[in-house]
Amino acid sequence: MKHKNKPLSLWAQTHKTFIAVSFGFSWLVWITAWLVSKSTGTGEILFNADLIWLPLSGNESISSALFFVSILSLTGVYGPMLGAYVAAKIDKNISWQDIWRSAVHFKAGSIRYIKKVLIILAAVVAIPSAITVLFSSSTENAPGIFGGVLLLLLFFVVQVFTSGSEEIGWRGYLTEKLLPGRDFWDTGWIVGVVWAIWHFPVLVIMFMQQGMVHIQIVGSIAGFTMGIIAMSILHTWFYAQTRQVSINIFIHALFNAIPLTLAVLYIGSPAAVLSNILLWFVVFYIKRSADRGEKYAAVTR
């Protein structure tokens with residue numbers, strides 16, 4: 001993947017194509033699924049615990065309508081991957097084959113980056129998870145430790161093949177195009193804002209399902225946006241070092257799976273909010289360390 005050194009604008013024509021396809025596909029799918037669920041009274045289509053518990057229990061089954069609209073809404077996550085494919089086909093400066101190869105292969109030396117991911121995950125998730133387990137009430141029919149671990153593994157595998165695919169677009173295409181001439185911090189902010197806005201329809205649907213009023217929805221979206229920007233900076237930092245989308249897919253799946261598991265197992269889990277706060281401490285530390293490294297390199301030249 002070759003680029004000129006001059007930073008490219010977010011609003012370059014091929015980038016606008018990527019954004020239009022990504023947003024258009026995802027938003028159309030999510031809004032359609034929500035309208036179908038509202039008109040048929042199928043119930044919550046996002047983070048509905050019945051979709052987990054009923055099939056696993058073997059005692060009951062979910063309705064075909066709920067299953068259909070839930071699967072339909074889930075396909076919305078493939079918008080960024082589709083956007084990357086379309087944009088790369090008309091963008092002379094990037095190859096879809098290179099993007100795809102980066103997503104499905106782990107290069108030699110990947111283990112040390114995965115270790116970094118696990119260390120950061122422990123720093124960001126350990127405390128919120130412990131607080132959730134100690135102070136939150138378990139949901140009805142929640143499994144024990146063994147069942148919870150199986151649920152976590154299930155969520156991780158599902159996330160790899162669903163939400164993890166977003167990384168092909170956000171990092172494999174957009175971050176790759178915007179990084180040259182910028183550092184990971186600036187690129188992370190730009191991509192993070194776009195990434196957050198892409199989520200807005202699904203957030204509004206989810207918060208409405210939870211019975212939030214308008215001011216609560218706005219506040220929750222603002223908090224989510226800041227968390228997504230921090231996560232984008234972290235993703236960009238790893239991508240700038242590795243140029244491996246596969247690492248970002250691993251990060252995305254793992255960082256999604258744990259809060260999702262806790263949200264299903266515990267009522268009112270604060271893990272997501274607390275993790276976002278701790279994540280900002282991590283990215284500020286990474287930024288400060290990077291700046292010190294640059295100053296040291298400049299002095300020793």
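The secondary structure of the chain comprises twelve helices and zero strands. In order from the N terminus, the elements read α-α-α-α-α-α-α-α-α-α-α-α. The model is a predicted one. Of the 301 residues in the chain, 46% are buried. Among contacts with a separation of 6 or more, 84% are between residues 24 or more positions apart.

Helix H1 spans residues 13-40 and contains threonine 14. With a relative accessibility of 16%, threonine 14 falls under the 20% cut-off and therefore counts as buried. The side chain of threonine 14 forms a polar contact of 3.2 Å with the side chain of aspartate 91.

Helix H3 (residues 64-74) has Leu66, Val69, Ser70 and Ser73 as its buried residues. These residues lie on the same side of H3, because the arc that they cover around the axis is only 105°. An α-helix has 3.6 residues a turn, so positions three or four places apart point the same way. Ser64 and Phe68, on the other side of H3, are exposed.

The packing of helix H8 against helix H10 was examined next. Two packed helices are described by the angle between their axes and by the distance between the axes. For H8 (residues 166-178) and H10 (residues 214-242), the angle is about 65° and the axes are 11 Å apart. The two helices, H8 and H10, are therefore roughly perpendicular to each other, and their crossing is right-handed. On the H8 side, the contact is made by Glu167, Arg171, Gly172, Thr175 and Glu176. H10 contributes Ser232, His235, Thr236 and Tyr239 to this contact.

Glutamine 159 is located in helix H7, which covers residues 145-161. The relative accessible area of glutamine 159 is 8%, which is under 20%, so this residue is buried. A polar contact of 3.3 Å links its side chain to that of serine 163. Apart from residues up to four places away in sequence, glutamine 159 touches Gly164, Ala253, Asn256, Ala257 and Leu260.

How values were computed: Residues numbered from 1 in each chain as written. Predicted model: local features only at pLDDT ≥ 70, side-chain atom pairs only at ≥ 80, totals over all residues. Heavy atoms only, no water. Helix = DSSP H or I, 4+ residues; strand = E, 2+ residues; numbered from the N terminus. Buried < 20%, exposed > 50% of the residue type's maximum accessible area, 1.4 Å probe, protein only. Polar contact = N/O pair within 3.5 Å; in protein donor to acceptor, adjacent residues only side chain to side chain. Contact = heavy atoms within 4.5 Å. Arc of directions from axis to C-beta. Axes fitted to C-alpha atoms, helices over the stretch in contact; angles between N-to-C directions. Parallel < 35°, antiparallel > 145°, perpendicular 65-115°, else oblique. Left-handed = near helix turned anticlockwise from the far one by under 90°.
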